[in-house]
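Subject: Structure for your files, with notes

Hello,

Here is the structure we talked about handing over. Please look through it before reading on.

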Amino acid sequence: MAPPVLRLLCVHGYRQDGGSFRDRTGSLRKALRKRAELLYVSSPLRVPLSLGASARPPAVDGDGTQMGETEEDGRGWWFSNPAEDSFNALDHVESCKGLEESLETVSKAMAELGPFDGIMGFSQGAALVAMVCALKQKGDPRFQFDFAILVAGFKSRCTLHAHFYQEPIAVPSLHVFGDTDRVIAGQLSQDLSTSFVDPVILTHSGGHFVPAAAAQRLVYLEFLERFQKK
């Protein structure tokens with residue numbers, strides 16, 4: 001008998017939305033076919049068009065090939081510069097904007113589309129997933145899942161978010177990052193992984209995208225098998 005299909009809630013990166021992230025993870029959905037169902041959520045926070053249209057990372061699919069330009073409804077999960085509704089992962093700031101609204105959006109998606117076995121995030125979405133994992137560990141009843149996959153993640157440098165990383169996070173986790181990522185350096189993702197207990201690390205030679213080539217597929221499947229109830 002085939003193992004049950006796991007359900008994952010997918011959290012997009014900055015300047016993406018659920019639809020564009022779905023397009024960019026086509027190779028991953030194909031690689032995990034019959035093993036995992038990926039559902040997508042969009043942030044409630046819109047990035048101003050003048051910001052969303054510039055310096056946007058190229059659309060890259062999971063095998064590392066660049067895709068055609070896509071029409072994106074650019075969104076973010078919080079803003080490190082509230083005055084301009086913009087975000088930079090390297091910003092050291094005292095305050096930010098939008099996180100609670102975004103957490104409530106993820107909570108609502110879990111309630112309306114769930115139940116979910118796991119949660120996956122990319123870039124700023126992976127940073128948000130780490131916060132969700134910390135809240136789950138602290139007993140927040142809104143977030144019910146068994147594991148997390150964090151791709152090109154990082155720790156927020158907002159002072160108000162420091163509490164998320166004060167205790168080791170025991171949620172089983174897979175951390176994925178590229179050796180040549182010029183958007184979120186691999187060291188930032190490595191640093192995030194140290195906030196978790198016994199993290200599984202998957203590196204690849206590419207840049208800022210969700211990898212899904214044969215070598216990575218094997219690691220994903222091995223990780224997911226831990227949570228497939230016979």
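This is a predicted model: local features need pLDDT of at least 70, side-chain atom pairs count only at pLDDT 80 or more; totals for chains, interfaces and linings use all residues.

Residues are numbered from 1 along each chain as its sequence is written, and side-chain values use heavy atoms, with hydrogens and water left out.

The sheet

Six strands make up an open sheet with parallel pairing, in the order β2-β1-β5-β6-β7-β8. Helices (H or I, at least four residues) and strands (E, at least two) are DSSP runs, numbered from the N terminus; two strands pair if DSSP finds at least two bridges between them. At the edges are β2 (36–41) and β8 (200–204), each pairing on one side only. Neighbouring strands of this sheet are turned against each other by 20 degrees on average, direction ignored. Axes here are lines fitted to C-alpha atoms, for helices over the stretch in contact, and angles run from 0 to 180 degrees between N-to-C directions.

Strand β1 (residues 6–11) is joined to β2 by six bridges, and Leu9 has Leu39 in β2 as its bridge partner. Four bridges join β1 to β5, where Leu8 stands opposite Gly118. Between β5 and β6 there are five bridges, and the partner of Gly118 in β6 is Phe147. The chain passes from β5 through α5 to β6 in a right-handed β-α-β crossover: with the strands pointing away from the viewer, the path from the first strand over the helix to the second runs clockwise.

Strand β5 is largely enclosed by the rest of the structure, because five of its five residues are buried (under 20% relative accessible area; exposed is over 50%, partly exposed in between, with a 1.4 Å probe and protein chains only). In a regular strand the side chains alternate between the two faces of the sheet. Here Gly118, Met120 and Phe122 point one way from β5, while Ile119 and Gly121 point the other way.

Contact means heavy atoms within 4.5 Å. Helix α5 (residues 124–137) lies across β1, β5 and β6 (147–151) and runs at about 145 degrees to β5.

In α6 (residues 186–193), the residues Gly186, Leu188, Ser189, Leu192 and Ser193 are buried. They cover an arc of only 160 degrees around the axis, so they sit on the same side of α6; the arc is that of the directions from the helix axis to the C-beta atoms. The buried residues of α6 pack against α5, β6, β7 (173–178) and β8.

Two residues

His204 is in strand β8 and counts as buried, with a relative accessible area of 6%. Its side chain reaches the backbone nitrogen of Gly206 at 3.0 Å. Leaving out residues up to four places away in sequence, His204 touches Val176, Phe177, Gly178, Asp179, Phe209, Pro211 and Gln216.

Gln166 lies in the loop between β6 and β7 and is exposed, at 63% relative accessibility. Gln166 and Ser195 are 29 residues apart in sequence and 8.2 Å apart in space, C-alpha to C-alpha.

Regards

Conventions: A polar contact is a pair of N or O atoms within 3.5 Å; within protein, one must be able to donate a hydrogen and the other to accept it, and residues adjacent in sequence count only if both atoms are side-chain atoms.
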